[in-house]
Amino acid sequence: MEHNRAEETARVLTEALPYIQRFSGATVVIKYGGNAMDSAELQNSFARDVVLMKAVGLNPIVVHGGGPQIGSLLEKLGKESKFVQGMRVTDAETMDVVQMVLGGLVNKQIVNLIHRNGGRAIGLTGKDAQLIRARKLLLKAQDSDAPEYKASEIIDIGHVGEVQGIDTHVLEMMAGSDFIPVIAPIGVDDAGESYNINADLVAGKLAEVLRAEKLILLTNVAGLKDKTGKILTGLSAERVKELIDDGTIYGGMLPKISCALEAVQGGVNSAHIIDGRVAHAVLLEILTDRGIGTLITRR
C-alpha cells in the first residue's frame, strides 16, 4: 500500500515537471470567490495551490470577490440588497460597507490564509497606488427589469464601476519578490469616487494588461458543457463565438465566458473556467495533463 502511494506521488510530480518548467516566471491571474471560499478545506487547498505556484517560480495574482459577505453585513445593518441585471445597487452607504468587507475583512482573511499555508501575501485594493482607475457603469434597462424601469432607459445603480485603466507598477515590483498580491476589486475615478467592480472583469483586465500566461476563473460549475452535458475544453476563441451564437452558452455562464474570451483576444495565452468546489482545482488545471475545466485559447 505504502509502495503504491509512493509510486503515485512520483507519477504526479513527474507529470507536473514539464508544466513547472514551461510556466516558470509566467504570470497567472486567478479570480477567487464563490464556492471556493465556502469551507475551511477548500480555502486551505486554494492557499496551498497559490503558495506552491509561487514556490516553483510562477507569479500568481489573486483577485477576489465577496458578494455573499457584503449581503450578510448589509442584512445585519438592516439594509436591503437590491439588484439590477445581477449587479448590486450601491448607494454611498452601501459602498462604505463594500469597502469594509472587500478591502478589509475578506482581503485580509485571504492574506492571512496564504500566510498560514507558508506563503507571503500583500493585500491591495484598486485604490492602492491607483492600481485600478474606474468609471461609473451605466446600464440600459431590459424588459426583464423591475417595472419602474422603461426598456432602454439608462439606469444609474450608484457606485458600481467598470475598469477604465490599470497601472501595473506596484504589481511589476512584486513580480520579482516573494510576495503574492491579493486584490479587492474596488476602483477609483479621477474625482476620487470609489466604485465596486465585478471581480471577473477586474481579473480579466489585469490579465490582459499584464500579458498574463493564464487567466483562471473559479466558478461553481465543472466547466462549460455542451447540450448533452459533456464538458467542453480546448476551445479556440472562434469556437467559443460559435457556441454563443448557437445558444450552447447562455444565461449565467455568458458573462464569465465573455470575460475569458475578451482576455484571450486581448493577449492572454489561455483562460480557464474551473470548478472551485474541487480541492486543489488550480493545481490540477495548470500542472496536469488532463486538467479539470474548460480551457480557451486564442487559436
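Residues are numbered from 1 along each chain as its sequence is written, and side-chain values use heavy atoms, with hydrogens and water left out. Because the model is predicted, local features need pLDDT of at least 70 and side-chain atom pairs count only at pLDDT 80 or more, whereas totals for chains, interfaces and linings use all residues.

The protein chain contains nine helices and 14 strands, which are DSSP runs numbered from the N terminus (helices: H or I, at least four residues; strands: E, at least two). The radius of gyration of the protein chain, 19 Å, agrees with the value near 19 Å that a compact globule of 299 residues would have; this radius is taken over C-alpha atoms, and the globule rule is 2.2 Å times the number of residues to the power 0.38. Along its principal axes, the C-alpha trace spans about 65 × 45 × 35 Å.

Of the 299 residues, 49% are buried, that is, under 20% relative accessible area with a 1.4 Å probe, protein chains only. The largest nonpolar core has 42 residues, among which L171, I183 and L215 touch the most other members; such a core is a set of buried Ala, Val, Leu, Ile, Met, Phe, Trp, Tyr and Cys residues joined through side-chain atoms within 4.5 Å. Helix α8 (residues 253-265) gives the most to this core, with seven residues. Leaving aside neighbours within four places in sequence, L171 is in contact (heavy atoms within 4.5 Å) with I61, L124, L131, P181, I183, L206 and L210. A second, separate core of 41 residues includes A16, A26, V62 and L283.

Note on methods:
Buried < 20%, exposed > 50% of the residue type's maximum accessible area, 1.4 Å probe, protein only.
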